[in-house]
Amino acid sequence: NVMTQGEDFDGYAFSENGILYFSSKIEKIDDNIAKFSKDTKTELLQRREYQRVSIDNDVQIKNKNNEIIDAWLIDISVGGFKMHLKKEIDISTKYTLLLNLNNKDLELNFKPIALTKDMENLYTMSSRFENISNKPI
């Protein structure tokens with residue numbers, strides 16, 4: 001996608017504190033460097049409230065049409081997780097993570113936060129859990 005002057009722009013920046021979402025208008029493009037409006041709106045989407053644990057586990061996710069998508073977890077915490085996928089998904093919708101943990105099948109609702117694509121056409125998705133209860137499993 002090519003950015004143009006006057007166009008609205010939404011973007012994400014990753015930091016140790018979480019994911020920063022920003023929305024602005026492109027005021028000027030000079031030597032392939034975009035300069036944004038001074039009235040840029042920002043929002044911290046995710047803070048590291050919980051310790052993340054590295055994990056390498058094949059999982060599946062299910063969309064609202066009950067379509068199953070194969071994936072694998074990279075890390076997980078009480079608040080969310082990061083995974084790899086071979087196909088792009090719509091991050092504006094909610095999904096269910098199908099996970100077997102200690103021989104217990106879990107179905108955990110989540111909302112994607114960000115999806116990035118690398119040079120080998122592999123997608124990395126950061127997500128946060130929704131409606132998690134504190135009942136023992």
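Is Val-78 buried or exposed? At 55% relative accessibility, Val-78 is exposed, because the cut-off for that class is over 50%. I will come back to its surroundings. Please keep in mind throughout that this is a predicted model.

First, the overall layout. The protein chain has ten strands and zero helices. Read from the N terminus, the order of elements is therefore β-β-β-β-β-β-β-β-β-β. Of the 137 residues in the chain, 33% are buried. If you take the contacts between residues at least 6 apart in sequence, 39% of them join residues at least 24 apart.

Strand 5 pairs with strand 6 in the antiparallel sense, over eight bridges. One of the bridges puts Asp-58 with Trp-72 in strand 6. These two strands form a hairpin, with five residues between them. In the turn, Asn-66 has a positive phi of about 65°. Strand 5 also pairs with strand 8, again antiparallel, here over three bridges. Lys-62 is the residue that stands opposite Thr-96 in strand 8.

The largest nonpolar core has 19 residues. The members that touch the most other members are Ile-61, Phe-81, Met-83, Leu-85, Leu-97, Phe-110 and Met-125. Two or more core residues come from each of strand 5 (53-62), strand 6 (68-76), strand 7 (80-85), strand 8 (95-101), strand 9 (104-117) and strand 10 (123-129). Strand 6 gives the largest share, four residues.

Which residues does Phe-110 contact, leaving aside its neighbours within four places in sequence? The list is Ile-61, Phe-81, Lys-94, Tyr-95, Thr-96, Leu-97, Met-125, Ser-127, Arg-128, Phe-129 and Glu-130. Phe-110 also belongs to an aromatic cluster, together with Phe-81, Tyr-95 and Phe-129.

That takes me to the aromatic pairs. A pair of rings is described by the distance of the centres and the angle of the planes. The count for this model comes to four aromatic pairs. I will show two. Phe-9 and Phe-36 form a tilted pair, with 5.3 Å centre to centre and 40° between the planes. This pair links distant parts of the chain, since Phe-9 is in strand 1 (residues 8-15) and Phe-36 is in strand 3 (residues 33-36), 27 residues apart. Phe-9 is partly exposed, at 22% relative accessibility. Phe-36 is partly exposed as well, with a relative accessible area of 30%.

The other pair is Phe-81 with Phe-129, which is tilted too: 5.3 Å centre to centre, with 45° between the planes. Phe-81 sits in strand 7 and Phe-129 in strand 10, 48 residues apart, and this pair also links distant parts of the chain. Phe-81 is at 0% relative accessibility, so this residue counts as buried. Phe-129 has a relative accessible area of 12% and is buried because the cut-off is under 20%.

Strand 7 has another residue to look at, His-84. What joins the side chains of His-84 and Thr-124? A polar contact of 3.1 Å. Not counting residues up to four places away in sequence, His-84 touches Ala-71, Trp-72, Ile-74, Leu-122, Tyr-123 and Thr-124.

Is Asp-75 buried or exposed? Its relative accessible area is 12%, so Asp-75 counts as buried. Apart from residues up to four places away in sequence, Asp-75 touches Arg-52, Val-53, Ser-54, Ile-55, Phe-81 and Lys-82. Phe-81 in this list is the residue that pairs with Phe-129.

Back to Val-78, as promised. Val-78 lies in the loop between strand 6 and strand 7. Arg-52 is 26 residues away from Val-78 in sequence, and the C-alpha to C-alpha distance is 8.0 Å. Arg-52 is also among the residues that Asp-75 touches. That is the end of my slides.

Methods:
Residues are numbered from 1 along each chain as its sequence is written. This is a predicted model: local features need pLDDT of at least 70, side-chain atom pairs count only at pLDDT 80 or more; totals for chains, interfaces and linings use all residues. Side-chain values use heavy atoms; hydrogens and water are left out. Buried means under 20% relative accessible area, exposed over 50%, partly exposed in between (1.4 Å probe, protein chains only). Contact means heavy atoms within 4.5 Å. A nonpolar core is a set of buried Ala, Val, Leu, Ile, Met, Phe, Trp, Tyr and Cys residues joined through side-chain atoms within 4.5 Å. A polar contact is a pair of N or O atoms within 3.5 Å; within protein, one must be able to donate a hydrogen and the other to accept it, and residues adjacent in sequence count only if both atoms are side-chain atoms. Two strands pair if DSSP finds at least two bridges between them. Rings of Phe, Tyr and Trp (its six-membered ring) pair if their centres lie within 6.5 Å; planes under 30 degrees apart count as stacked, over 60 as edge-to-face and the rest as tilted.
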